[in-house]
Amino acid sequence: YLKARGLGDDKVANEILALDDNAKLTDRQRFAKAKSLGKKCKFNKFVFFANREQWMYTALSAKFEVDEEFRSVLMSEEYRGLTFVEASPRDVNWGIGLSAAKACAGEKWNGLNLLGKLLTKLRDEHLDTNTTQCNHTD
């Protein structure tokens with residue numbers, strides 16, 4: 001939806017929004033149809049590359065607010081201080097261009113890991129807002 005709106009394709013954006021009104025679709029089906037529709041947007045590579053990270057960050061932030069499981073995994077103690085990785089062998093933009101097995105074996109990343117970086121940023125920003133400082137005076 002954000003990609004379609006950002007690229008000025010209101011027709012596709014409205015089609016994606018209309019998926020929410022279709023009670024016959026599961027969440028997984030809605031996602032698949034939205035992804036398919038997003039690929040049909042009028043495309044402007046300059047606008048897309050200038051805005052893709054902000055659009056994704058906005059979407060991830062919205063998911064963080066409403067999806068308790070997503071938020072719980074992102075904020076888990078076991079991941080603190082680590083960078084999230086999108087281990088996708090076919091995606092060199094959002095992912096690292098490698099499978100998880102190859103990444104764990106130490107192979108050099110071929111991708112930008114934009115999704116992993118945005119997830120890490122989201123987690124770190126929420127860690128910062130959840131940290132309180134106490135000033136004690138005796």
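1. Basis. The model is predicted, so local features need pLDDT of at least 70, side-chain atom pairs count only at pLDDT 80 or more, and totals for chains, interfaces and linings use all residues. Residues are numbered from 1 along each chain as its sequence is written, and side-chain values use heavy atoms, with hydrogens and water left out.

2. Helix α3. This helix runs over residues 27-38 and has 12 residues. Helices are DSSP runs of H or I, at least four residues, numbered from the N terminus. From first C-alpha to last, α3 reaches 16 Å, close to the 16 Å expected at 1.5 Å a residue. The expected span is 1.5 Å times one less than the number of residues.

3. The buried face of α3. R30, L37 and G38 are buried in α3. Buried means under 20% relative accessible area, exposed over 50%, and partly exposed in between (1.4 Å probe, protein chains only). Down the axis of α3, the buried residues fall within an arc of 100°, so they line one face of the helix. The arc is taken from the directions from the helix axis to the C-beta atoms. These buried residues pack against α1 (2-6) and α2 (10-18).

4. The structure holds five salt bridges. Each is a side-chain nitrogen of Lys or Arg within 4 Å of a carboxyl oxygen of Asp or Glu. D27 and R30 form one, at 3.2 Å from N to O. The two sit three residues apart in α3, separated by about one helical turn. An α-helix has 3.6 residues a turn, so residues three or four places apart point the same way. D27 is exposed at 64% relative accessibility, whereas R30 is buried at 16%.

5. Two further bridges. D10 pairs with R5, the closest N and O atoms being 3.0 Å apart. D10 is partly exposed at 38% relative accessibility, and R5 is partly exposed at 42%. E77 pairs with R80, with the closest N and O atoms 3.3 Å apart. E77 is exposed at 55%; R80 is partly exposed at 40%.

6. D9, a point to check. Leaving aside neighbours within four places in sequence, D9 is in contact (heavy atoms within 4.5 Å) with A4, K40, C41 and K42.
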